[in-house]
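Student: I have a structure open and would like to learn how to read it. Could you walk me through some features, starting with a helix?

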Amino acid sequence: MAYSLVVPPASHFHTSTLRSMASSILSRHLASSLRPSRGLSASGHRHQQTTAKRVEEVEFDGPCMKTEVPGPRSKILAQQLESIQSVVQVNFFCDYEESKGNYLVDVDGNRMLDVYTQIASIPIGYNHPALTKVMTDPKNMGTFVNRPALGMMPPEQFSEKLVNGLMAVAPKGFSRVQTMACGSCSNENAYKAIFIWYRNKMRGTPEPTPEEVRTSVINQVPGCPDLTLLSFMGGFHGRTLGCLATTHTKAIQKLDVPSFDWPIASFPQLRYPLDQFERENAREEARCLEEAEDLIVKWNQKGRHVAGVVIEPIQAEGGDNHASFDFYTKLRGITKKHGCAFLVDEVQTGGGSTGKFWAHEHWGLDDPADIVSFSKKMLTGGYYQKDSFQPDKPFRIFNTWLGDHTKNLLLTEVIKVIKTENLLDQAKRSGKVMLEGLYDLQDKYPHLLSKARGIGTFCAIDVKDEDTRNLLLLKARNKGVVLGGCGTQSIRFRPALVFKEHHAHLFLDIFNDAITELK
């Protein structure tokens, strides 16, 4: 398949624009009117670096748009699928065999720079050679053909793969991991681990009473205790029943589903730019911390003890909402003071996109959490836990597969690539280009954009309203960039770790072109 840029209809790109992208995208500025102090062209030489060359060897040199998205073939496939299941949320159908690196190809042959990566879940790009090598290695055949019940009959290499994979990047202070399949079931079972831990602590022994055993199977206390978890407005932790009780984003995710009556605290609503509103933001964070502690005290007093607190280092689905590192430090102190478990949900933030493997590492704490959940970029799901949260009896935390051993195999290679290609530092460099460019765009279009924010490539920006945001997403996609929304009016950027500075410049150029059509 040719890698050269193909000029699409004028409605997608101007011919001169595409030629310019192909010849000089690595060194051009976002636009001549953008502030030079941001240094958007400072990395123009970086395409000469070895790491960038390695990525370019396995991917395309730019977008190539042939139709609007979804195109004719995608629409036909959607009609076929509609007779089997719902397609209301389907964007378009993909050709994953043709996709490479940072570029996603759809079934109509449209090649797009993917800055959303399957809802933040592609760690090192599409069809990375290191992963295809694992897939084609004959000695791995048995692993891919057979899917074991890992909790009962794990394969011989299971411990080795966990040590070289998940445990090789375990957060500070954790020596145990429980594998799961997805983010929701990771949090759901982490919640169970918290409740089991808390009840053992309350009764002073892991051994239940006969009355607890009897009442547990008929959904009554004391066997099914009236314990709670505290969560935060704007948080998203999954779509299973327990997780939905701690998810507070969009109504469509919760509507018509019964839920637990658990305490909900306010998450800080910070003002931007952060450096201009430090005093106001500190007051807002203090208010939220006071509210959270007050809720713990009140719920404990009425006998509905708060067994744990769950929070994201950055509220992703809820709108890429940030709080200061000091906020999380103080919240951790509150959980210790009141004997609550502290669960840090790194399902979307984990895996390196913030420039550290785990976003909570930015807090600089010696004891940041009791449990850390993960999924998405980690390829498999699960959670790290302290020893005291280890199940005390069989089948308390259990399901048939407990994850997928093939993903542990692939994750080992992903971690090798991250280390050998220094991709955490790459995320910092690319993120700096991206965030500085977003700052410039919001200065250039203040009537449309605001609140540019981010750590590493985990960035976002607000659009003036939801309808305009959704229109901008479509315009950018038809120009060759895949983006995703979050919250009510935010756009979140979630590129793979192989996203280089020149990809950031390319994204900013196309994003700028899409914005101009909204003027």
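Student: Which residues of H15 are buried?

Tutor: Buried means under 20% relative accessible area, exposed means over 50%, and partly exposed is in between (1.4 Å probe, protein chains only). In H15 the buried residues are Thr-468, Arg-469, Leu-472, Leu-473, Ala-476, Arg-477 and Asn-478. Please keep in mind that this is a predicted model, where local features need pLDDT of at least 70 and side-chain atom pairs count only at pLDDT 80 or more, while totals for chains, interfaces and linings use all residues. Residues are numbered from 1 along each chain as its sequence is written, and side-chain values use heavy atoms, with hydrogens and water left out.

Student: What makes a stretch a helix or a strand?

Tutor: Helices (H or I, at least four residues) and strands (E, at least two) are DSSP runs, numbered from the N terminus. This protein has 16 helices and 14 strands.

Student: How does the length of H15 agree with what it should span?

Tutor: The expected span of a helix is 1.5 Å times one less than its number of residues. H15 has 13 residues, so it should span 18 Å, and its end C-alpha atoms are 19 Å apart, which agrees.

Student: Which salt bridge involves Lys-475?

Tutor: A salt bridge is a side-chain nitrogen of Lys or Arg within 4 Å of a carboxyl oxygen of Asp or Glu. Side chains of opposite charge can pair when their charged atoms come close. Here Lys-475 meets Glu-517 in a salt bridge, at 3.3 Å from N to O. The two belong to distant parts of the chain, 42 residues apart: Lys-475 is in helix H15 (residues 466-478) and Glu-517 is in the segment after helix H16 (501-516). Glu-517 is partly exposed at 39% relative accessible area, and Lys-475 is partly exposed at 23%.

Student: How many salt bridges does the structure hold?

Tutor: The structure holds 31 salt bridges. One of them pairs Glu-207 with Lys-393, where the closest N and O atoms are 3.4 Å apart. That pair also links distant parts of the chain, 186 residues apart: Glu-207 lies in the loop between H8 and helix H9 (210-216), and Lys-393 in the loop between strand E9 (381-385) and helix H13 (405-420). Another salt bridge joins the side chains of Lys-139 and Asp-137, at 3.2 Å from N to O. Lys-139 is exposed, with 69% relative accessible area, whereas Asp-137 is partly exposed at 23%.

Student: Is Arg-111 buried or exposed?

Tutor: Arg-111 counts as buried, because its relative accessibility is 2%. Its place is in strand E2 (residues 111-114). A polar atom of the Arg-111 side chain lies 2.9 Å from the backbone oxygen of Gly-62.

Student: Where is the largest nonpolar core, and what does the term mean?

Tutor: In soluble globular proteins, nonpolar side chains tend to be buried together. A nonpolar core is a set of buried Ala, Val, Leu, Ile, Met, Phe, Trp, Tyr and Cys residues joined through side-chain atoms within 4.5 Å. The largest one here has 75 residues, and Phe-232, Phe-327, Met-378 and Tyr-384 have the most contacts inside it. Helix H8 (residues 183-203) gives the largest share of this core, 9 residues. At least three residues come from each of domain 1 (15-125 + 427-516) and domain 2 (148-403), with domain bounds taken from an automatic or database domain assignment.

Student: Which residues is Met-378 in contact with?

Tutor: Contact means heavy atoms within 4.5 Å. Leaving aside neighbours within four places in sequence, Met-378 is in contact with Leu-166, Val-169, Gly-351, Phe-357, Trp-358, Tyr-384 and Leu-411. Apart from this core lies another, of 34 residues, among them Tyr-445, Leu-483, Phe-499 and Ala-514.

Student: And how much of the whole protein counts as buried?

Tutor: Of its 519 residues, 55% count as buried.

How values were computed:
Polar contact = N/O pair within 3.5 Å; in protein donor to acceptor, adjacent residues only side chain to side chain.
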